[in-house]
Amino acid sequence: MLIRKPSDIPSSEITSESSYNDFLSRRRFLRTAVSGAAVAGGAIVGADRIADLLSPGTSVLADAEKLQTVKSPLSTTGEQLTSLEDITHYNNYYEFGVQKTDPAKNAGVLPTRPWTVKVEGQVKQPKTFDIEALLKLRPLEDRVYRHRCVEAWSMVVPWIGYSLSEFIKQCDPLPSAKYVQFLSYYDKKVEKWTNESSIFWPYSEGLRMDEAMHPLTLLTFGLYGQVLPNQDGAPIRIVVPWKYGFKSAKSIVTVRFVEKMPETTWYQQNPREYGFYSNVNPNHDHPRWSQKTERRIGLPFYAQRRTTLMFNGYADQVASLYNGMNLDKNY
Amino acid sequence: MNRKTLITLKTLTWIACLGPFAMLVYEAVTNTLGPDPTSTIALTTGYNALLMLILSLAVTPLRLLSPRLSWLIKFRRLLGLFAFFYASIHLATYLVLYLNFDMSVFKTDITKRRFIIAGFAAYLLLVPLALTSTTWAIRKLGGKQWNRLHKLVYLAAIGGIIHYWWQVKPGVLSPMNLTISLAVLLLARPILTYIQKRKARQAVAA
């Protein structure tokens with residue numbers, strides 16, 4: 001009985017019924033119209049075009065800081081952007097609760113200023129970077145990326161940042177540095193929700209040096225023209241678009257260059273389910289579910305299912321990083 | 001309990017049990033199932049199936065607590081059948097929205113994935129219970145046989161809880177509340193029976 005298509009309610013009615021403010025209703029109307037068109041006609045609306053359509057709205061956002069950005073050739077095209085509403089209300093950020101809706105409610109307490117990033121380990125000299133300096137280090141680029149979660153859902157997010165490699169160059173890593181580890185902010189007094197899971201904090205993630213230096217790996221400061229909302233990993237995170245989402249550490253306070261593969265949170269939690277590489281790979285199933293398909297967030301239930309692409313569709317750019325590696329073993 | 005109160009209470013129970021389903025239909029029609037509608041449907045139906053199954057298992061311990069609560073038995077079948085109703089939609093959601101009827105994926109799931117095996121087994125255990133829930137079937141089977149068959153509900157509930165634990169990420173504790181509830185209700189049976197027997201013996205001795 002749930003398979004039936006929703007009746008064609010004019011979007012004007014949806015708008016008047018909703019309790020959202022004018023801005024949100026307008027955006028929701030746009031989304032309905034756009035997704036409706038895409039579903040009906042199979043038309044793919046360019047991400048840039050939608051970003052243009054939506055950009056007037058972003059200025060209405062209360063106390064959201066706008067970011068000046070430049071275009072990037074590394075931005076993904078031909079995808080319909082996931083709405084800001086969904087990107088900010090469907091989050092895995094367990095320090096603020098294990099339900100997808102929790103981070104939007106709870107992450108407000110994260111103190112994003114002052115903020116520094118400590119660089120340590122195999123470097124010429126340990127350093128500390130201030131967030132304001134990092135924001136000015138390179139021009140901020142608009143980078144639309146597909147985002148594929150290990151739980152088999154996906155989004156398309158217009159991130160803002162610059163290649164992590166630009167930052168790494170400033171860190172002067174030694175030749176002995178083979179991996180980079182990222183540690184997320186953790187304060188038990190602030191993040192009171194960490195007892196909802198039995199995970200060891202702080203959240204730790206890591207990349208091989210060549211992965212970290214790949215131009216697609218983004219040091220991220222914002223999305224949708226504004227600074228990162230707290231629930232999306234403010235004020236600074238990484239985004240590795242060809243890997244499952246949990247590899248992209250949020251709210252980073254420490255960057256550590258190391259010789260050996262670092263201990264990472266989900267790998268420690270269950271190495272069979274969450275490999276160190278965790279490249280998006282439709283041919284290697286998660287032990288508990290198939291990774292062949294995914295659910296696109298923000299579409300109606302009958303239109304969500306789609307095929308998962310090797311390396312999340314970034315194979316042309318990143319497959320060479322893994323030449324000669326058995327990706328079924330090194331998952 | 002008089003007839004009027006019973007009808008009122010039954011109506012209220014129906015409304016309460018249908019509530020989650022009505023919400024889902026409303027949200028599906030208005031396209032407000034949230035960012036991930038498929039998982040909203042799966043989680044809501046799965047959770048309510050387990051919740052109603054566990055509520056149906058609360059009837060017997062409550063009746064053991066006090067003879068004045070014996071009327072609760074009139075609600076047990078209703079709760080059990082609603083649990084089956086939600087479990088059925090839950091299974092359909094998996095087959096249609098997750099698998100898209102792809103039987104090759106189903107074959108892998110049912111042979112390799114333990115949370116699917118546990119969930120599917122729990123569902124299969126509920127089927128004979130739902131089929132023999134009519135008054136006619138109870139009479140046909142005889143109370144003793146029927147009671148024995150319906151002991152399967154314990155296995156189904158435990159299977160459902162295991163399915164829930166195996167589905168969530170390792171370290172996530174969200175199935176805890178339902179697990180504790182089920183454990184309490186299962187332990188309450190022998191404990192309350194023991195206390196009652198002792199009371200009866202004391203009464204005889206006195």
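Predicted model: local features only at pLDDT ≥ 70, side-chain atom pairs only at ≥ 80, totals over all residues.
Q: In what order do the strands of the open sheet in chain A lie, and what is the pairing?
A: The order is S2-S1-S10-S5-S6, five strands in an open sheet of chain A with mixed pairing. Neighbouring strands of this sheet are turned against each other by 20 degrees on average, direction ignored.

Q: Which are the edge strands?
A: An edge strand pairs on one side only; in chain A these are strand S2 (127-130) and strand S6 (204-208).

Q: How many bridges join strand S5 of chain A to S6(A), and do the two run parallel or antiparallel?
A: S5, residues 179-184 of chain A, is joined to S6(A) by five bridges, and the two run antiparallel. Within this pair, Tyr179(A) is placed opposite Arg208(A) of S6(A).

Q: Where does the kink in H1(B) lie?
A: The kink, of about 45 degrees, is at Gly19(B), shortly before the proline Pro20(B). After H1(B) comes Asn31(B), with a positive phi near 55 degrees.

Q: Which residues of H1(B) are buried, and what covers the buried residues?
A: An α-helix has 3.6 residues a turn, so residues three or four places apart point the same way. In H1(B), the residues Cys17(B), Leu24(B) and Ala28(B) are buried. The cover over the buried residues of H1(B) includes helix H2 (37-56) and helix H4 (76-98) of chain B.

Technical notes: Residues numbered from 1 in each chain as written. Chains lettered and ligands numbered in written order. Pairing = 2+ DSSP bridges. Helix = DSSP H or I, 4+ residues; strand = E, 2+ residues; numbered from the N terminus. Axes fitted to C-alpha atoms, helices over the stretch in contact; angles between N-to-C directions. Bend = angle between axes of the 7 residues up to and from the residue. Buried ≥ 20, exposed ≤ 12 C-beta atoms within 10 Å, placed from the backbone. Contact = placed C-beta atoms within 7 Å.
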